[in-house]
Structures are given as C-alpha cells and as structure tokens.
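User: I've got a structure open and would like to talk it through. Can you take my questions one by one?

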Amino acid sequence: MLPVKKPTKDYRTLNDIRQRKDELLEQIQEDNAKFTTLWNQVFIKKEGNSKGDYIAGLVSNGFVAVDTFLLIRKLLKGYGYLFGKKKKRK
C-alpha cells in the first residue's frame with residue numbers, strides 16, 4: 001500500500017517549522033511504539049501448547065521433510081547432469 005500524500009503547508013517562520021518538527025517527532029515516537037509492540041508479539045513464545053499441538057507439529061514437519069525429499073529426488077532424476085551425477089539424456 002502506498003503512503004497517502006498529505007497537502008503541504010507553507011511555513012513562513014522558524015516557529016512554524018519548529019512546531020511541525022515537534023508534531024512529526026510525536027508521530028514518529030507513536031509509530032515506533034506501535035512497531036515495537038508488533039515486533040515483540042511476533043517473537044513471543046506461546047505457552048500452554050497441548051500434547052495434540054505438539055504431535056500435530058511433528059506430523060506437519062514430517063510431511064514437509066518427506067515432500068522435500070521427494071522433490072529433491074525428482075529434480076536430481078531429471079536434472080542430475082547439472083550436478084555431475086550422470087550424463088545428459090539424448
């Protein structure tokens with residue numbers, strides 16, 4: 001999403017510029033506080049995972065591992081000559 005352009009003001013005195021600078025500083029500090037809380041929420045370790053969640057995670061990771069193995073096997077079978085495994089098919 002692109003930022004919305006706000007109409008600019010004409011600043012005639014240094015006091016106007018200082019006032020705008022203070023407003024922008026407050027906005028930046030508020031945004032920084034929001035970003036900090038969001039960033040910390042990303043890395044909060046979730047407590048109270050049940051045994052079912054643990055097993056579901058293991059099964060999910062197992063499926064990903066098997067799928068990755070099969071994908072690599074298929075790629076090496078078709079394009080093994082790129083990795084020096086066998087000669088190119090004619």
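**Helices, charges and a surface patch**

User: Let's start simple: how many helices and strands are there in the chain?

Analyst: Keep in mind that this is a predicted model. As for secondary structure, the chain has zero strands, and its helix count is two.

User: And what share of the 90 residues in the chain is buried?

Analyst: Buried here means under 20% relative accessible area. The accessible surface of the chain is about 9,700 Å², with carbon and sulfur atoms holding 60% of it. Of the 90 residues, the buried share is 1%.

User: Which residue forms a salt bridge with Glu23?

Analyst: In general, side chains of opposite charge can pair when their charged atoms come close. The salt bridge count for this model is one. For Glu23, the closest N and O atoms of the pair are 3.4 Å apart, and that falls within the 4 Å limit, so the partner is Arg20.

User: How far along the helix are Glu23 and Arg20 separated?

Analyst: Both sit in helix 1, which covers residues 14-42. They are three residues apart there, so the separation is about one helical turn.

User: Which residues gather in the patch of negative charge on the surface?

Analyst: A patch residue needs over 30% relative accessible area and no salt bridge. Asp22, found in helix 1, has 45% relative accessibility and counts as partly exposed. The patch members are Asp22, Glu26, Glu30 and Asp31.

User: There's a nonpolar patch too; what accessible area do its residues have together?

Analyst: Its members are Leu71, Ile72, Leu75, Leu76, Tyr79, Tyr81, Leu82 and Phe83. Together, their accessible area is about 790 Å².

User: Last one: where does Ile72 lie, and what is its relative accessibility?

Analyst: Ile72 is part of that nonpolar surface patch. It lies in helix 2, residues 51-79. Ile72 counts as partly exposed because its relative accessibility is 45%.

Technical notes
Residues numbered from 1 in each chain as written. Predicted model: local features only at pLDDT ≥ 70, side-chain atom pairs only at ≥ 80, totals over all residues. Heavy atoms only, no water. Patch = residues over 30% accessible without salt bridge, like charges linked within 9 Å, V, L, I, M, F, W, Y side chains within 5 Å. Areas by Shrake-Rupley, 256 points an atom, 1.4 Å probe, with all protein chains shown as cover. Salt bridge = Lys/Arg side-chain N within 4 Å of Asp/Glu carboxyl O. Helix = DSSP H or I, 4+ residues; strand = E, 2+ residues; numbered from the N terminus. Buried < 20%, exposed > 50% of the residue type's maximum accessible area, 1.4 Å probe, protein only. Lys, Arg positive; Asp, Glu negative; His and termini not counted. Charge placed at Lys NZ, Arg CZ, Asp CG, Glu CD.
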